Amino acid sequence: MPELRQNLATKEWVIIASDRPLRPQDMRSKAPAKAAAERDPKCPFCPGNEKESDQISVLGGDKGWRVRVVGSKVPALVAGAPKVEPMGNVFRRLPGEGLHEIIVESPSHSKSLAELERDAVEDVLGVYQERFKAAADNMKVALTLLFKNHPGTSISHPHSQLVACSVVPAHIRHRMDEAQKYYEQNKECVVCRMVEEELAQKARVVVEGKSFVAFVLFAALSPFHLWIVPKKHSAAFHELSASDADDLAGVLQTVLRKLKNGLGDPEYSFVIQSIPQDRGATEAFHWYMSLVVRVGATAGFELGSGMHLNSVVPEHAAKFLVDVKA
Ligand SMILES: [Zn+2]
Ligand SMILES: [Zn+2]
């Protein structure tokens, strides 16, 4: 029978339609992407074409770089955005101030994070942290989001993106307020509580490292909706220690390898949810990485209600991934 489940941290409800005969293995990509060449002479992110983009930072030196950060060619927001004329209280507008950076994960045109050497994934996470910290130190930035779409939507060379903006969207403010409310009522962080319970139950845990755990959410919004969370309380992603960052690289890569081996290189997105800069220090918020495999399309019911319908029981999805070789 179907049931309703709620995520304690976000308060989002989902319908788990458990009587549907759909199994996780039915989610396999029908047509796995064709293997790309290691280099594409026409790709702006491939070695040899560095002049095509504005470099912000580089790891490993200009010759023989390992990770490169460049400005987006089509930025969502820009630093030093021109002033806009106010239009009164009803029609509020602000300059499109912010940052939009592209993190080119490696010189390889074809290797995804799942296929890179472990050291190379650690390099990528180190650059994520460096760019996150730079954005956090920028007085004009209120919220930083670091995300990845696999495969990329316009350029196939594996890359992640950082977008920093001067406002905090309602959706994120709501989460912060819920976390604060839970903290005041229970004198503990809601995500710490969830992690404790997931580690005790083990029913949805996919990978457990020394300092990170990856689990399918109890109220997963779609069949493979996972959180990768630091086991110890921490509000800001960029404050991660070097050894914890190495552990995160291992846990993330294991999850991505399991998805690739179990589901045939599916499309996925992940995003790092860290504390907005305007919140100051708080014990209420706990950062995490949220990962969603793109299966099925959002339909009318989801659009209208904001409530998702998940056709795979989260415990079944977790068990499936645990059994897949990484
Ligand atoms: Zn390339
Ligand atoms: Zn916590």
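Predicted model: local features only at pLDDT ≥ 70, side-chain atom pairs only at ≥ 80, totals over all residues.

Q: Okay, so which residues is Arg175 in contact with, leaving aside its neighbours within four places in sequence?
A: Those are Thr10, Glu12, Gln273 and Tyr288. With Glu12 there's also a polar contact, side chain to side chain, at 3.3 Å.

Q: Where does Arg175 sit, and is it buried or exposed?
A: Arg175 is in helix H2, residues 170-186. It counts as buried because its relative accessibility is 14%, and the cut-off for buried is under 20%.

Q: Back to Gln273. What's its bridge partner in E12?
A: Tyr288. Strands E11 and E12 run antiparallel, joined by 6 bridges.

Q: And what does E11 do with E6?
A: They pair in the antiparallel sense too, over 5 bridges. His150 stands opposite Tyr268 of E11.

Q: Which way do the E11 side chains point?
A: Tyr268, Phe270 and Ile272 go one way, while Ser269, Val271 and Gln273 go the other, and all are buried.

Q: Switching topic: how many disulfides?
A: The count is 0. As for the cysteines, Cys43 is buried at 3% relative accessible area, whereas Cys192 is partly exposed at 23%.

Q: Last one, helix H1: what should it span, and how far apart are its ends?
A: H1 covers residues 118-136, and its 19 residues should span 27 Å at 1.5 Å a residue. The end C-alpha atoms are 27 Å apart, so that agrees. Its buried residues include Val121, Leu125 and Phe132.

Methods: Residues numbered from 1 in each chain as written. Chains lettered and ligands numbered in written order. Heavy atoms only, no water. Disulfide = S-S within 2.5 Å. Buried < 20%, exposed > 50% of the residue type's maximum accessible area, 1.4 Å probe, protein only. Helix = DSSP H or I, 4+ residues; strand = E, 2+ residues; numbered from the N terminus. Polar contact = N/O pair within 3.5 Å; in protein donor to acceptor, adjacent residues only side chain to side chain. Contact = heavy atoms within 4.5 Å. Expected span 1.5 Å × (residues − 1). Pairing = 2+ DSSP bridges.
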